[in-house]
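Visitor: I'm new here and would like to learn how to read a structure. Could you walk me through it?

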Amino acid sequence: PYAVAIYSAGSRAYVPNNGSNNLSVIDTSTNTRVATITVGPAPQPVAVNPEGTRVYVVNTNASSVSVIDTGNNTVIATITGFRNPQGIAATSTRLYISNQDANTVSVIDTTNGNTRVATITVGATPFGVAVNSVGTRVYVANFLGSSVSVIDTSSNTVIATVVVGTNPGALAVNSAGTRVYVT
């Protein structure tokens with residue numbers, strides 16, 4: 001698996017199975033698989049909204065995102081039109097998806113038909129994406145830019161670029177929102 005997303009309440013883990021074109025749902029209290037959901041080709045990054053009602057899976061070989069209703073573990077929509085998406089993060093109302101081939105991040109409004117509301121230019125070859133717990137900042141690892149772009153979600157603009165080590169790929173934000181960890 002490329003990445004695992006865990007619902008913040010800790011009851012479910014979502015594991016994309018790249019070679020099988022599906023997503024495993026694991027009950028974390030019993031450590032058992034409770035569902036397998038067919039998604040698009042080569043699912044890799046995955047995100048869960050804070051409410052735990054939706055899971056979003058990037059299908060890298062289709063440049064699309066599968067939207068899953070966690071109530072019945074079914075795909076309810078597919079969002080298309082990305083350019084080699086590599087990272088995804090979710091808030092209650094928005095998705096942030098990195099477009100590696102375009103050096104941008106797409107902003108999707110999940111409350112209004114999964115429509116694209118903004119495209120933000122970031123550094124070279126954006127890869128991993130993370131959002132702070134209150135949804136005010138998005139962090140994007142720019143793989144060939146050796147940097148992290150910091151996006152203000154209220155204005156959909158890059159407010160800072162932080163130089164980091166060579167080829168950053170993944171990021172995580174601590175629960176207080178005071179630290180970002182970059183691999």
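**Reading the model, feature by feature**

Guide: Let's begin with Arg137, which counts as partly exposed at 25% relative accessibility. Keep in mind that this is a predicted model.

Visitor: Which residue does the side chain of Arg137 meet in a salt bridge?

Guide: First the general idea: side chains of opposite charge can pair when their charged atoms come close. In this case Arg137 meets Asp152, at 3.5 Å from N to O. The pair links distant parts of the chain, with Arg137 in strand S14 and Asp152 in strand S15, 15 residues apart.

Visitor: And is Asp152 buried or exposed?

Guide: Buried is the label for anything under 20% relative accessible area. Asp152 has 15%, so Asp152 counts as buried.

Visitor: How many salt bridges are there?

Guide: The count comes to 4. Another one joins Arg54 and Asp69, whose closest N and O atoms are 3.8 Å apart. Arg54 sits in strand S6 (residues 54-59) and Asp69 in strand S7, so this pair ties together parts that are 15 residues apart in sequence. Arg54 is partly exposed, at 26% relative accessible area.

Visitor: How many bridges join S13 to S14?

Guide: There are 4, and the two strands run antiparallel. To see one for yourself, find Ala130: its bridge partner in S14 is Tyr139.

Visitor: Now a hairpin, please. Which strand is joined to S3?

Guide: With a hairpin, you look at the two strands and then at what lies between them. Strand S3 (residues 22-27) is joined by 6 bridges to strand S4 (residues 32-38), and the two run antiparallel. Asp27, for one, has Thr32 as its bridge partner in S4. The hairpin has 4 residues between its strands, and Asn31 takes a positive phi near 55° there.

Visitor: How many aromatic pairs does the structure hold?

Guide: For aromatic rings, you check the distance between centres and the angle between planes. The structure holds 1 such pair. It is formed by Phe127 and Phe143 and is tilted, with 6.0 Å from centre to centre and 40° between the planes. Phe127 lies in strand S13 (residues 126-131) and Phe143 in the loop between strand S14 (137-142) and strand S15 (147-152), so the pair ties together parts 16 residues apart in sequence. Phe127 counts as buried at 18% relative accessibility, whereas Phe143 is partly exposed at 31%.

Visitor: Can you show me how to read the surroundings of a single residue?

Guide: Take Tyr96, found in strand S10. Tyr96 is buried, with a relative accessible area of 2%. Not counting residues up to four places away in sequence, Tyr96 touches a list of residues including Gly87, Ile88, Val105, Val129, Val138 and Asn156. As for distance along the chain, Tyr96 and Val140 are 44 residues apart, yet their C-alpha atoms are separated by 9.4 Å.

Visitor: One more, then. Where does Ser66 lie?

Guide: Ser66 lies in strand S7 (residues 64-69). Ser66 is buried, at 3% relative accessible area. A polar contact of 2.9 Å joins its side chain to that of Asn59. Leaving aside neighbours within four places in sequence, Ser66 is also in contact with others, among them Val39, Gly40, Tyr56 and Ala77.

Terms used. Residues are numbered from 1 along each chain as its sequence is written. This is a predicted model: local features need pLDDT of at least 70, side-chain atom pairs count only at pLDDT 80 or more; totals for chains, interfaces and linings use all residues. Side-chain values use heavy atoms; hydrogens and water are left out. Two strands pair if DSSP finds at least two bridges between them. Rings of Phe, Tyr and Trp (its six-membered ring) pair if their centres lie within 6.5 Å; planes under 30 degrees apart count as stacked, over 60 as edge-to-face and the rest as tilted. Buried means under 20% relative accessible area, exposed over 50%, partly exposed in between (1.4 Å probe, protein chains only). A polar contact is a pair of N or O atoms within 3.5 Å; within protein, one must be able to donate a hydrogen and the other to accept it, and residues adjacent in sequence count only if both atoms are side-chain atoms. Contact means heavy atoms within 4.5 Å.
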